[in-house]
Amino acid sequence: MIVVAANPYRGAARPRARVDALVAALEATGAAVRVVWDAAERAALLADPGVMADVRCVVAAGGDGTVAAVINELTSDVPLAVLPTGNENLFARALGFDVAPARLARAIGVGTRQRLDLGRARTSTGTRRFGLMLSAGFDADVIHRIAGLRAGGGTPRQVHRGHYVRPVGAAFWGYPHLPLSVTADGATVSGAYCMIGNLPDYALALRLCPGARADDGLLDWLAFERGGRTALARYAWAVVRRRHARLSHVRAGRARRLTLTSATPVPVQLDGEAAGFTPVEVEVVPAALMVVVV
């Protein structure tokens, strides 16, 4: 059986039409398919060893938030594939899943697999794994504001790229640019913003950690030393031009274990989801996730 864990909310694509196309392509190969749209049902199913024993692939049909949820809910060593329907789809693009449903179905049928590292973070909200990145500082503050927008009124709201404009502006003028310390495999540096990458890309095709690989047993990290609106704007322009790594006040490295601390709690995000505040302990979990090769 193949499980399709689907997010019903529209991102940059029509999720139900793409899921239907994938299901038809999978069933044409003779596969049995179960589609799960409800988040609570999905979590219960992925945690059930009896059900998962008969599952040969789980497809996360959604954006990076759906992929992150499945990575954390999946307790069995079952291969993961992704049908991207979100706004950014960073994980899907990095691993070649941004293909037509029919091609994805063929890849699932062929069954070629590879193992990837994950990051694992312990924050004030608990322990979670991440496939893309963790960050602390300004961009995490934006994510926290988006989380508040999503939860407004008590019912989860659908969020598109346009919804980010106001939170970004509010964070730019309101975020206090708090200092933090990054300890990477025992060496400590200070900064105003930190990024820890398992894969190279960030939103809007910004390549913050260009050397990051999810199969090297390490996490790439960046610490931007200078804080404040002027420094932030200059860093953003350098990132757009892919010249930030050349700046003398941007520290970088690779590590297996990292700790982020601060005198005043600094917001943290994992894979585009709010994840509490510093302090946070981070480590790589080598070969923790099996994925389908497209």
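Tyr175 is buried, because its relative accessibility is 4%, below the 20% cut-off. The model is predicted. Tyr175 sits in the loop between α8 and β8 (180-184).

**Tyr175 and its surroundings**
- Beyond its neighbours within four places in sequence, Tyr175 is in contact with Gly137, Phe138, Asp141, Arg145, Ala170, Tyr193, Val266 and Pro267.
- Phe138, Asp141 and Arg145 also belong to the α7 side of the contact between α7 and α8.
- Ala170 belongs to the α8 side of that contact.
- Tyr175 and Thr278 lie 103 residues apart in sequence. Their C-alpha atoms are 15 Å apart in space.

**Packing of α7 and α8**
- Helix α7 covers residues 138-150, and helix α8 covers residues 165-174.
- The two helices pack at an angle of about 130°, with their axes 9 Å apart.
- α7 and α8 are therefore oblique to each other, since the angle is about 130° and an angle counts as roughly antiparallel over 145 degrees and as roughly perpendicular from 65 to 115.
- Their crossing is right-handed.
- α7 contributes Phe138, Asp141, Val142, Arg145 and Ile146 to the contact.
- α8 contributes Pro167, Val168, Ala170, Ala171, Phe172 and Gly174.
- Of the residues in this contact, eight are nonpolar, one is polar and two are charged.

**The open sheet**
- Six strands form an open sheet in the order β14-β13-β10-β7-β16-β17, with antiparallel pairing.
- β14 (250-255) and β17 (273-277) are the edge strands, and each pairs on one side only.
- From one strand to the next, the twist averages 20°.
- Strands β10 (residues 193-197) and β13 (residues 219-224) run antiparallel and are joined by five bridges.
- Gly197 stands opposite Asp220 in β13.

**Backbone details in loops**
- Asp271 has a positive phi of about 50°, although it is not a glycine.
- Asp271 lies in the loop between β16 (267-270) and β17. With 6% relative accessibility, Asp271 counts as buried.
- Ala205, also not a glycine, has a positive phi of about 60°.
- The loop between β11 (201-202) and β12 (206-207) holds Ala205. Ala205 counts as partly exposed, because its relative accessibility is 44%, which falls between the 20% and 50% cut-offs.
- The peptide bond from Thr278 to Pro279 is cis, with omega near 10°.
- Pro279 is in the loop between β17 and β18 (280-292).

Terms used
Residues are numbered from 1 along each chain as its sequence is written. This is a predicted model: local features need pLDDT of at least 70, side-chain atom pairs count only at pLDDT 80 or more; totals for chains, interfaces and linings use all residues. Side-chain values use heavy atoms; hydrogens and water are left out. Axes are lines fitted to C-alpha atoms, for helices over the stretch in contact, and angles run from 0 to 180 degrees between N-to-C directions. Helices (H or I, at least four residues) and strands (E, at least two) are DSSP runs, numbered from the N terminus. Angles under 35 degrees count as roughly parallel, over 145 as roughly antiparallel, 65 to 115 as roughly perpendicular and the rest as oblique. A crossing is left-handed if the near helix is turned anticlockwise from the far one by less than a right angle, and right-handed if clockwise. Contact means heavy atoms within 4.5 Å. Ala, Val, Leu, Ile, Met, Phe, Trp, Tyr, Cys and Pro count as nonpolar, Asp, Glu, Lys and Arg as charged, and the others, Gly among them, as polar. Two strands pair if DSSP finds at least two bridges between them. Buried means under 20% relative accessible area, exposed over 50%, partly exposed in between (1.4 Å probe, protein chains only).
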